[in-house]
Amino acid sequence: MSASVLVLYNEPVLPPHHPQYEAERDVLDTVAECTAVLREAGYAVRTLGLAHDLQPLLDEVRRQRPDAVFNLHEGVPESSVTEVQAAALLEWLGLPYTGCPARCLALGRDKAASKYLLRGAGLPTPPFALLDADDEPHWTGRYPLIVKPTFEDASVGIEQDNVVTTPDQLPAAVARLRQHFPPPLLLEELLPGREFHVNVLEIGPPAQRRLLVLPPGEIVFQPADPRWHPVYTYTAKWDTASGEYQRCLVQAPVTLDPELQHAIDRLARRAFRLFHCRDYARLDIRLDAHGQPHILEVNPNPYLISLILVNALQAAGYSFEWLILELLRSALERATPKLTAA
């Protein structure tokens, strides 16, 4: 009898006019692609969208406990901690699931804690500072800098106006973000070099798990005018009709100088282990003025059907279908044997 799989995802809740509408609904495409692969492989697949109420998940598990959960839950908008809570609930229920554990997801969601962890471990990351609610806007580092929300992902809250090139621009940028996002805000030096997305997979049987660093993809910023900054904003990522989208080209994979590739591979492996990632994660990396790589973010459970990931898999000799089945196999192998009465 084939294993039963529950595909868990965040049920979209935003209205069409909401600025994050497209980013939230993107999960539905991932659900469709992954479900098709699993069903084609012969698994008994059910899907469940989870929004603000956790009860449907509890009811589903009581009704028909799955052998494993394919976890695609990305959190409910304006309550990003729900991504962590969904994974934590799966752990509480003793259900094996794909992707990173709850503690890793919590760390990946917290840009401030992530930056301190990277710095404490000696991994290069751009200079930064935190700005609490009562702090006056102040930056002693080099310009330009970028102001970021601390607890968002998918580039939510990142726009061209977040880039500050002179001290007199900082108060307005901070005030604008404080209207929409909780403290603290992250101030980070905007490095001038190339930007890469590097996916890392954890593959193999339980006793022989190994890390596979896939070929990187690059965000190629096309210059337009001096008022435009080379930043992968929310608009550039999600608004396909915008000029920013057209100016940010995604090339994947790209071939790098062997020395740079080795340095990025080393950073990717160390960061994956440092953050307690599992199964798959993505690093966002940017080069400084000397061409040295710095980690911008570690992203647990990144977008599975991204062009960069799919193309990198093909370049490394793997397929998207192989990845989905490998993730599920790993989750099934983590299942705890059920105790039986004597």
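This is a short tour of the structure, stop by stop, with something to select at each one.

The model is predicted, so local features need pLDDT of at least 70 and side-chain atom pairs count only at pLDDT 80 or more, while totals for chains, interfaces and linings use all residues. Residues are numbered from 1 along each chain as its sequence is written, and side-chain values use heavy atoms, with hydrogens and water left out.

**Stop 1: the sheet.** Select β1, β2 and β3. Helices (H or I, at least four residues) and strands (E, at least two) are DSSP runs, numbered from the N terminus. These 3 strands make an open, parallel sheet in the order β2-β1-β3. At its edges are β2 (44–50) and β3 (68–72), each pairing on one side only; two strands pair if DSSP finds at least two bridges between them. On average, neighbouring strands are turned by 20° against each other, direction ignored. Now zoom in on β1 (residues 4–10), joined to β2 by 7 bridges. Here L8 stands opposite L48 in β2.

Stop 2: Angles run from 0 to 180 degrees between N-to-C directions, with axes fitted as lines to C-alpha atoms, for helices over the stretch in contact. Contact means heavy atoms within 4.5 Å.

**Stop 3: the nonpolar cores.** A nonpolar core is a set of buried Ala, Val, Leu, Ile, Met, Phe, Trp, Tyr and Cys residues joined through side-chain atoms within 4.5 Å. Buried means under 20% relative accessible area, exposed over 50%, partly exposed in between (1.4 Å probe, protein chains only). The largest core has 41 residues, and L57, C277, L283 and I295 touch the most other members. Helix α9 (residues 258–274) gives the largest share, 6 residues. A second, separate core of 27 residues includes Y9, V37, L38 and L323.

**Stop 4: cysteines.** Pick C277, whose contacts beyond four places in sequence are C100, C104, E202, F272 and V298. C100 is buried, at 0% relative accessible area. Its closest cysteine sulfur, in C104, is 3.8 Å away, too far for a bond, since a disulfide is a pair of cysteine sulfur atoms within 2.5 Å. The disulfide count is 0.

**Stop 5: R109.** Finish in helix α4 (residues 102–109), which contains R109. R109 is buried, at 8% relative accessibility. Beyond four places in sequence, its contacts include E74, E83, E152 and D153.
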